[in-house]
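Biologist: I have just opened this one and have not looked at it before. Could you walk me through it?
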Amino acid sequence: MTMPYRLTTSMAALALGLAASACDAEAPRPAPDAAPDAASAALVAPNRQDAQPAACPATDGSGPDPYAPSPERDPVSQAQDLVREVYERQFQSENSSLPSAFDPSIACRYFTDDIVRWLASGEVDAHPLYGAQDFDGAVGDPTPDPDHPMLRGMITINVDFTNFGQPQRAVFHIRADADKPDAPLRIFRVEHDGWSYP
């Protein structure tokens with residue numbers, strides 16, 4: 001099943017969302033009509049080893065963390081929902097002022113702290129969801145890995161997509177994050193063809 005979104009994005013668009021993070025509030029946010037070079041410069045900022053993500057609530061305040069363990073929920077289904085929410089937030093942020101899932105002020109809702117620090121570091125030089133600087137294609141629905149959906153507490157969710165007509169896959173590795181209250185599921189590694197993060 002393909003998500004009902006067709007998206008064209010670039011690192012310049014991603015930069016607009018990341019540059020406005022609470023971690024870097026003193027940095028001016030590029031105007032929406034800024035030239036791509038200006039926006040890209042905001043994304044590929046000098047390496048800031050001291051970059052720390054702003055504290056962010058695990059939820060929007062409407063209840064417990066939706067990805068905390070629950071006897072009523074299958075953890076693999078929860079992991080699918082987590083990855084699905086990351087993509088949906090990205091799609092919604094493309095043409096609005098809503099922050100993407102990669103904005104360090106809310107990334108802790110989806111990712112482990114090391115990924116949040118990487119996102120805040122200014123060293124993101126490829127789109128975290130598409131593994132490239134530009135994207136023009138369609139994204140499939142997140143699906144559990146057919147061979148090992150869950151192995152020793154690690155859940156693997158695959159997302160197939162096309163970018164400029166080329167089929168690709170992002171592989172999300174998810175586990176309970178014991179560093180957070182109630183040990184909710186968080187993405188701790190994402191693999192693309194030829195590279196991964198963190």
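Modeller: One term has to come before the overall picture: a residue counts as buried when its relative accessible area is under 20%. Please also keep in mind that this is a predicted model.

Biologist: Okay, what share of the residues counts as buried?
Modeller: Of the 198 residues in the protein, 45% are buried by that cut-off. The protein exposes about 9900 Å², and carbon and sulfur atoms supply 52% of that area.

Biologist: And how many helices and strands are there?
Modeller: There are 4 helices and 8 strands, and from the N terminus on they run β-α-α-α-α-β-β-β-β-β-β-β.

Biologist: Where is the confidence lowest, and where is it highest?
Modeller: The mean pLDDT is lowest in helix 2 (residues 36–43), at 31, and highest in strand 3 (residues 143–144), at 98. Over residues 1–54 the pLDDT is below 50, although this stretch has 105 contacts in the model beyond near neighbours in sequence. For the protein as a whole the average is 76, with 69% of the residues scoring at least 70.

Biologist: Let's switch to helix 3, is it enclosed or open?
Modeller: Helix 3 is largely enclosed by the rest of the structure, because 14 of its 20 residues are buried. Its length also agrees with expectation, since at 1.5 Å a residue the 20 residues of helix 3 (residues 75–94) should span 28 Å, and the end C-alpha atoms are 29 Å apart.

Biologist: What about L185, where is it found?
Modeller: L185 is found in strand 7 (residues 185–192), and L185 is buried because its relative accessible area of 8% falls under the 20% cut-off.

Biologist: Which residues does L185 touch?
Modeller: Leaving out residues up to four places away in sequence, L185 touches Y67, P75, Q78, A79, L82, I155, I174, R175 and A176. With A79 the separation along the chain is 106 residues, yet the two C-alpha atoms are separated by 6.9 Å.

Terms used: Residues are numbered from 1 along each chain as its sequence is written. This is a predicted model: local features need pLDDT of at least 70, side-chain atom pairs count only at pLDDT 80 or more; totals for chains, interfaces and linings use all residues. Side-chain values use heavy atoms; hydrogens and water are left out. Helices (H or I, at least four residues) and strands (E, at least two) are DSSP runs, numbered from the N terminus. Buried means under 20% relative accessible area, exposed over 50%, partly exposed in between (1.4 Å probe, protein chains only). Accessible areas come from the Shrake-Rupley method with a 1.4 Å probe; for residues, only the protein chains shown count as cover. The expected span of a helix is 1.5 Å times one less than its number of residues. pLDDT is the predictor's confidence in each residue, from 0 to 100. Contact means heavy atoms within 4.5 Å.
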